[in-house]
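The following exercises concern the packing of a single chain. Each task is followed by a solution in steps.

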Amino acid sequence: MKSNTKDNYSLQRLLPFKWEEYKSIRLEALQTNAEMFGSNYVKEAAYSQNDWVSFLEDDTRAMFALYDKESLIGLTGVTLKKEDATTAILFASFIKPSYRNKGLSELFYQARIEWARQKKCNSIIVSHRAGNEVSKAAIQRFGFKFTSAKKVMWHDGVCADELLYCLQL
């Protein structure tokens, strides 16, 4: 089930039978860039197979895997806001370091925005940690507008602003 392609790269929605791929890239992301995520390796490494499968079975969210031909190189997600199903939230984006700065996040945004439209969302929100200029540039390139900032204690123990953005659909 291909959703988007760019040169040799493809982005596919992860289905429950791909739970092991999801687990491997998610745990790699948490180890490689722990400071950028709202969770941590220790917590998620303890998840059972049923946990990973149920995440992928949940119809209120979608996880997309990025491949270079057959090699898994990235992950991103989108979910409906619990309090308001007309709003989608983008989360968990990760691309292996050797594949960064190639414009591949474009595939992430295209797929997640399309998913939100299919779910009849009116808006999409996304955030990043202050100082993550690459994320900021990608967010703004896709038309998201800055809405607010809030102090957050990140999982690496640093208190820093989380910058929030919104895209009206």
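Contact means heavy atoms within 4.5 Å. The model is predicted.

**Exercise 1.** Determine the surroundings of Ser-39.

*Solution.*
Step 1. Locate the residue: Ser-39 lies in the loop between H1 and H2.
Step 2. Classify its exposure. Buried means under 20% relative accessible area; Ser-39 has a value of 7%, and therefore counts as buried.
Step 3. List the contacts. Leaving aside residues up to four places away in sequence, Ser-39 touches Arg-26, Leu-30, Glu-44 and His-155.
Step 4. Examine the side chains: those of Ser-39 and Glu-44 are joined by a polar contact of 2.8 Å.
Step 5. Consider separation along the chain. Ala-92 is 53 residues from Ser-39, and their C-alpha atoms are 9.4 Å apart.

**Exercise 2.** Describe helix H1 and its packing.

*Solution.*
Step 1. Helix H1 covers residues 19-32, 14 residues in total, and spans 20 Å from first to last C-alpha, close to the 20 Å expected.
Step 2. Its buried residues are Trp-19, Tyr-22, Ile-25, Arg-26, Leu-27, Ala-29 and Leu-30.
Step 3. These buried residues pack against helices H2 (41-45) and H3 (49-57) and against strands S3, S4 and S5.

**Exercise 3.** Which residues of the largest nonpolar core touch the most other members?

*Solution.*
Step 1. The core has 29 residues, and Leu-66, Leu-104, Ile-124 and Phe-144 touch the most other members.
Step 2. Elements that each supply at least two residues include strand S2 (9-13), helix H4 (105-118) and strand S8 (159-168).
Step 3. H4 gives the largest share, seven residues.
Step 4. A second, separate core of 19 residues includes Tyr-47, Trp-52, Val-53 and Leu-56.

Note on methods. Residues numbered from 1 in each chain as written. Predicted model: local features only at pLDDT ≥ 70, side-chain atom pairs only at ≥ 80, totals over all residues. Heavy atoms only, no water. Core = buried A, V, L, I, M, F, W, Y, C linked by side-chain atoms within 4.5 Å. Buried < 20%, exposed > 50% of the residue type's maximum accessible area, 1.4 Å probe, protein only. Helix = DSSP H or I, 4+ residues; strand = E, 2+ residues; numbered from the N terminus. Expected span 1.5 Å × (residues − 1). Polar contact = N/O pair within 3.5 Å; in protein donor to acceptor, adjacent residues only side chain to side chain.
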